[in-house]
Amino acid sequence: MFSALVLALLASCVVSSAAVTYSPVKPPSYPLAVRSPYLSAWIPGNEVASLSNSRAQFWAGNELNWSVIARVNGTAYNLFGVATPPNGTKSATVTEATYTSTHSIFVVTAGSQQFTLDFFSPVSPKNYVRQSLPFSYLTVTLAAGDSSSVQIYSDIDSTWTGQTSDSSWSHTLSGSTSVFQIQAAGAATYSQNSDGQALWGSAVYATKSSQSQSLSTQSGPISTLRNRFVNNGTLSGHHADWTANGAVAFAHDLGTTAHETAVTFAIGHVREQSINFLGAAQTGYYRAIYNETTAAVAHFLDDYDDANYESTKLDDLIQSTGTSSYGSNYSDILALSVRQTYGGIEITIPNDSLDTSDTRAFIKEISSDGNINTVDVIYATFPIFYILSPEYLKLLLSPIFDYMATDAYTKDYAVHEIGANYPNATGHPADGEEMPIEESGNVMFLAYAYQKATGNTDFATTYSTQLKKYANYLQDNGLYPASQLSLNDALDPLANQTNLAVKAAVGLATYGALSGDTSYTTVGKEWGDKIWTDRLGTDPDGTRFLIQYGITPWFLVYNHYPDLLFGLNVFPDEAYNATSEFYPTVRGTAGVPLDGSLGWGQTNWQAFAAATVSGDTRELFISDLHTYMANGLNTAPFSDRYWVEASGSYFAGESYSFRARPTLGSHFALAALSGANTWF
């Protein structure tokens, strides 16, 4: 049932903690069900050893009720998520924990039996139906062993709706598919709670019966459901009205068997109106084919074998890509970054027409400020798309350019985002952040990355007028930037920021390549010479780039990355050689900071910088990132910002504020140098 890669990882145990073997490492948090900003369930790595009573968490850290109990020869064992064990139950023992790019797998022993819990969130880079289905799998497998009577129980509750004080639920049986849906009552469309959970829509839990297994269901008080299963191995089939301490549950009776046997559950969150794009409702792409939730989740369960086959190929590709790019440390980083990246994005079509020729994608700036389709977040994420799914760049950029073409946007530079609060893509607020050079340069990089990776010129043709306008803004304002914000959000607006000038220079050369107008390329290269060769943006000896012209301290030059990726030659080899020599001299205890005035760094820009340097310095960046990922100090879903020096109550190597952001696509920057569009 598992891929060859998964089995190999399970066999090659590389990190042990007490009785648990972690492979390839113990991460800060394991993705359990990570498919969208609203289906995003995790478990901290430090809680895996006590998996039987550790609860899943939404990305923000609030707990979710999701449990698995197995009954073996009449004795009940808590396998996962049972914070308050029913009387007479025992706790299973975790022996192995593994992650790949699409699976988080835990092996547990319960009495004489061994079970595997496989949390599988498909990532299907080019299959929009599969990728847009808002569900994830949990497969519980009983290993071959002695002949035992085994039953499997699982439940969820209204913690998945974001509102536990007032909900309702329903049960539907369609053929062999049994589906529970839980809805928060009285919630406004497009509303969220304080933890970022969707308050509208439905939490979904489903499974299928089979001829060899009997299935029973029940809803009601959670203690009643669990005690019923513990004592009888079945559920009553009674579906009580919603209650504040209630849950919905399934019980599979596997019978008496010595053979490997598995049951699969689907968990999800469905919103018919998923995104508000300029007042028009968008819905999931999958609804063009599977309009009703029951049909969609039934297809999802039926699609398991094909989805798992594809995941095997993707896992293998990520493993081989990482290893060939820069060794096993790098492949460990890439594997943990995949689900988090794609899990921050939704692929949509118009809710009224369900027209797949009008497909868009929306990305949430998770945990920082919740903006929708933030241009610099897409820039930070784009290397993974460049490799696996370059069409995503067009899908994410199209709504931005469509908004900028309306009368509501009149600026001469590119917008920062198209809405302050996901899922409301209703336009840039009057008091929103402005990053004129930053975002104008970023749209050049993203548009050209799409064109270079696919060979398609349609995006640049469709939006040629806007792209030229933003290129002209860079040309008029980029060499000596006025006081404005950049991606270093620790800085207030500053004039003459070298990193913005670097972005403008590379952005102009990129526009030249995008449009075929070499006059912009010439200007970009002239600016590169001024910034580097004439020492406009460096110290007098040319050993480092400075934050501002003529003013220390230094900064991490992440905007060099598109120059190398696209082969533009805006900056000479000497500039890259200098940064390779300089960064190790300013490395902090746990890594290179974002600039010389800070005690923290960002993994996305460290990853960009790693792709621009060589030799031991590249190894240093990758080693520091891997050490941070596996140091055991953190429990948040892979934060892209962390302390490189101790600060107050924080240790060097601890994460800082951000969590679960999709910007981990940046970690593919080094791999992207080997080529674009490598997924079949």
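Leaving aside neighbours within four places in sequence, Trp643 is in contact (heavy atoms within 4.5 Å) with Ala590, Gly599, Trp600, Tyr650, Phe651, Ala652, Gly653, Glu654, Ser655 and Tyr656. Trp643 lies in strand S29 (residues 641-643); helices (H or I, at least four residues) and strands (E, at least two) are DSSP runs, numbered from the N terminus. With a relative accessibility of 10%, Trp643 counts as buried, where buried means under 20% relative accessible area, exposed over 50% and partly exposed in between (1.4 Å probe, protein chains only). Ala590 stands 53 residues from Trp643 along the chain, and 7.4 Å separate the C-alpha atoms of the two residues. The model is predicted, so that local features need pLDDT of at least 70 and side-chain atom pairs count only at pLDDT 80 or more, whereas totals for chains, interfaces and linings use all residues. Residues are numbered from 1 along each chain as its sequence is written, and side-chain values use heavy atoms, with hydrogens and water left out.

The domain assignment of the chain gives domain 1 (21-308) and domain 2 (359-673), with bounds that come from an automatic or database assignment. The centres of the two domains, taken over C-alpha atoms, are 38 Å apart. In the interface, 30 residues of domain 1 are in contact with 33 residues of domain 2. The area buried between domain 1 and domain 2 (accessible area, 1.4 Å probe, that two parts lose on being put together, summed over both) is about 2600 Å², and carbon and sulfur atoms give 64% of it. Within domain 1, the residues that lose the most area to domain 2 are Pro28, Trp59 and Phe277, together 26% of what that side buries.

Across the interface of domain 1 and domain 2, seven residue pairs are in polar contact, both residues being at pLDDT 80 or more. A polar contact is a pair of N or O atoms within 3.5 Å; within protein, one must be able to donate a hydrogen and the other to accept it, and residues adjacent in sequence count only if both atoms are side-chain atoms. Strand S4 (39-44), helix H2 (128-132) and strand S21 (275-277) are the elements that give two or more residues to the side of domain 1 that touches domain 2. The largest share of that side, three residues, comes from S21.

Arg287 is placed in the loop between strand S22 (280-284) and helix H4 (293-302). Arg287 is buried, at a relative accessible area of 8%, and touches Glu272, Asn351 and Leu354, not counting residues up to four places away in sequence. Helix H4 is largely enclosed by the rest of the structure, because eight of its 10 residues are buried.
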